[in-house]
Amino acid sequence: MVTPWVADEMKNVDLKDTRLNNRLAEVLGQLGGRPTASIPAACGGHAEMTAAYRLFENEKVNFDNVLQPHIDATRRRMAGQPVVILAQDTTEVDLTRPERQVVGAGPLDGGPRRGVFLHLLHAFTPNGVPLGTAHATVWARDDKPALSASERSKQRKQTPIEEKESQRWIDTFRQACAVARLAPGPHFVCVADSEGDIYELLAEACAEPREVDWIIRACQNRALDNSGGKETGQVKPADNEARHVREQVMAGDVVFTQAINIRGRKAKISCENRGRRQPRKSRQAEVEVRAARVTLRPPPRPDRKLPPVSVNVVLVREIDPPADDPPVEWMLLTSLPVDDAEQVRQVTQYYCVRWLIEVFFRTLKSGCRVQERRFEHVDRMQPCLAVYLIVTWRTLYVCRLGRGLPEASCEAVFEPAEWKSVYRVVRRRPPPPQPPTLSEMVRMVAQLGGYVNRKRGDEPGPQTVWLGLQRVQDIALCWQLFGPEAGIEHTTTGTEIDDPLV
């Protein structure tokens, strides 16, 4: 049987075979019910496990057509939102094995690790509720001979952007524009971290007509165009003129100051020397925020001439950092207006939503354990990865929706058998006539995953929610079979499959 949320998510599935369509829905429900379990454990039997692996091996099944119905459902959810944040980012999917390596996996870095890369465009509401994946790309690098640092630098400068992996940021921005054309109602804002600070992307994003707004965290202190409209490089800036973006913004007035909580971190490797990867302690910091509009000088390219572009800049800077900790500083380039304090504050709030894609990747790897799935070939791994992208969205959706709509009825997400059985197990008393609120239900689910529900300011996180959701499915099944309503026929949307080996 297929649960209602799976049926809704798979409404437009088209694998060119009805039996494959039904099997995909079954597998999504099984893996979604037990995201941390292995595929054999999640499927619950030899026949179901074999059917799942045969699905991923089928030549008609690939990453794109498995994910497409979820993308269609994401568009339906976006259509009802006034503002949608489209966050794009890349993550590694490490498939390194101790003995036999996965066929088709490529190098992840200069070392022995092998796997694939996933570049994701994920939709969020401004308060952080995930709406789903709007676009995704998976690729593996080719094995190439090792080059020296100077050879790599020379090759990088001479290679056109279209032949670099960096082109994915531009292609995904174009996909964001395509999403906006298909759903003209919401105001779309495409957000990227510092890896997306590519001048070709800025030039394309500034072109008219602009279909989406954008925010990109600056990776470098770019030079300003002080030519006054003349040929770039022909006019030398005056001595009192700022030559770079940060200097120009720092010369302006502080728009507002704000206290923020800074989360501590540890360096992933002991030899890490990049400033934004250094360890730091958790603390409360006071930051000052400035804003300005600047015109950037285009960098030289061997194959083309790029135009100057005018962008708005928001600089968030810690006022008095501790002597032994690196200061917090963001420099955000954006198309959004920064004419007053409220507009500047909105830019920083929209950019903060981007951090949730990091939570998404962590849930995909730690919660769904996608890197631990055992496949002999990447072509079989990729459809499974697409399924777990949907499972990851569902987990975060339940977690964040409880915060965004705390007073809504839990039946907006959970079936009656689910909330009634969980209520009986957690509260140790019969369920009430009316369903509890969504916030209350999410807390009960999280309690099943180890969340301590006492007086505290923080809400349940993804880890306790995904652990709790695994138990919900088993508890609800027992409720339907042996509980007070065991004599009532329960209906679910979907189709039973007669042949489990499809």
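Okay, glutamate 204: with a relative accessible area of 28%, it counts as partly exposed. Keep in mind that this is a predicted model. Glutamate 204 has a salt-bridge partner, arginine 174, and their closest N and O atoms sit 2.7 Å apart. That pair links distant parts of the chain: arginine 174 belongs to helix α7, residues 167–182, while glutamate 204 belongs to helix α8, residues 199–205, and the two are 30 residues apart. Arginine 174 is partly exposed too, at 40% relative accessible area.

While we're on charges: side chains of opposite charge can pair when their charged atoms come close. How many salt bridges does the count come to here? It comes to 30.

Let me pick out a few. Arginine 114 forms one with aspartate 143, and there the closest N and O atoms are 3.1 Å apart. Arginine 114 is in strand β3, residues 114–124, and aspartate 143 is in the loop between β4 (130–139) and α6 (149–158), so this pair ties together parts that are 29 residues apart in sequence. Now, which end is buried and which is exposed? Arginine 114 has 19% relative accessibility, and the cut-off for buried is under 20%, so it counts as buried. Aspartate 143 is exposed, at 56%.

Next, two sequence neighbours: the side chains of aspartate 303 and arginine 304 meet in a salt bridge, 2.6 Å from N to O. Aspartate 303 is partly exposed, with a relative accessible area of 42%, and arginine 304 is partly exposed as well, with 29%.

And then there's a network of salt bridges, which links Asp89, Asp193, Arg354 and Glu358.

Where is it? Look in the loop between β10, which runs 329–334, and α10, which runs 341–353. Serine 335 counts as buried, because its relative accessibility is 14%. So what does its side chain touch? For one, the side chain of serine 335 makes a polar contact with the side chain of aspartate 213, at 2.7 Å. There's also a side-chain polar atom of serine 335 that lies 3.0 Å from the backbone nitrogen of tryptophan 214. If you skip the neighbours within four places in sequence, the residues in contact with serine 335 are Arg210, Asp213, Trp214 and Asn312.

Note on methods
Residues numbered from 1 in each chain as written. Predicted model: local features only at pLDDT ≥ 70, side-chain atom pairs only at ≥ 80, totals over all residues. Heavy atoms only, no water. Helix = DSSP H or I, 4+ residues; strand = E, 2+ residues; numbered from the N terminus. Buried < 20%, exposed > 50% of the residue type's maximum accessible area, 1.4 Å probe, protein only. Polar contact = N/O pair within 3.5 Å; in protein donor to acceptor, adjacent residues only side chain to side chain. Contact = heavy atoms within 4.5 Å. Salt bridge = Lys/Arg side-chain N within 4 Å of Asp/Glu carboxyl O.
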